[in-house]
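Let's take a walk through this protein together. Have a look at the model first, and then we'll go through it piece by piece.

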Amino acid sequence: MRQSGDGVDLDKSLGYLLKEASSALRAAMEEVLRPLGMTVTHYSCLELLAQRPGLSNSELARGAFVTRQSMNVLLQTLEREGYVTRPAQAPVGKALPARLTPRGRRSLEQASAAVRSVEVRMLAGLTGPEQSEAFRILQSMIRSLRRGEDGA
C-alpha cells in the first residue's frame, strides 16, 4: 500500500491512478513519436490543426495542454521546418491562424498511425463493450469536473 503524507492510499486513489495512466500513455506515445522526430505536443498541435484548421496560438495551447509561450515556440519551429504556415499579418485582431502544409499532413499520417498503435495496445486487455464503457465513464468524469469549474 502506497500512502501520501496525508494518509491517502494511492492504490485506491482514482485521481492518482488516472495520473499514472496518463504518464504511462505519454511515455508510450513519446517512444513511438521520437523516431519520427516528434514530441507528444508536436503531434497534438498537428492533429488539432488537421481537425480544426486556422486555430490560433492560444486555442492550440489550450488543446495541447501547454502554455501560450510554449505553443508559440513550437509553432515558430513547425513553420520554419515547413509543417505549418501562418499569415505574415493577422487577418483579424492579433491571432495568426495556423494551417498544415502538405509536409505537415504527411508527417501527421505517420504519427497518427504510431499513436493509434499505442491506443490499441492500451485497450488490448478490454473487450469491445468494456472499451465503450471506459470511454463513457471517462467522458462523464470530465463533464462532472468541468461543471465544477463553471460553478454549476
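How many aromatic pairs does a search of the whole structure find? It finds 0, where rings of Phe, Tyr and Trp (its six-membered ring) pair if their centres lie within 6.5 Å.

Before going on, keep in mind that this is a predicted model, where local features need pLDDT of at least 70, side-chain atom pairs count only at pLDDT 80 or more, and totals for chains, interfaces and linings use all residues. Residues are numbered from 1 along each chain as its sequence is written, and side-chain values use heavy atoms, leaving out hydrogens and water.

Now the overall layout. The protein chain has 6 helices and 2 strands (DSSP runs: H or I of at least four residues for helices, E of at least two for strands). Along the sequence, they come in the pattern α-α-α-α-β-β-α-α.

Next, helices H1 (residues 14-33) and H2 (residues 40-51): they pack at an angle of about 85°, with their axes 9 Å apart (axes are lines fitted to C-alpha atoms over the stretch in contact, and angles run from 0 to 180 degrees between N-to-C directions). That makes H1 and H2 roughly perpendicular, a label for angles of 65 to 115 degrees.

Finally, find Ser107 in helix H5 (residues 102-123). Ser107 counts as buried because its relative accessible area is 10%, and buried means under 20% (1.4 Å probe, protein chains only). Leaving aside neighbours within four places in sequence, Ser107 is in contact with Met38, Leu46 and Tyr83, contact meaning heavy atoms within 4.5 Å.

Conventions
Buried means under 20% relative accessible area, exposed over 50%, partly exposed in between (1.4 Å probe, protein chains only). Angles under 35 degrees count as roughly parallel, over 145 as roughly antiparallel, 65 to 115 as roughly perpendicular and the rest as oblique. Rings of Phe, Tyr and Trp (its six-membered ring) pair if their centres lie within 6.5 Å; planes under 30 degrees apart count as stacked, over 60 as edge-to-face and the rest as tilted.
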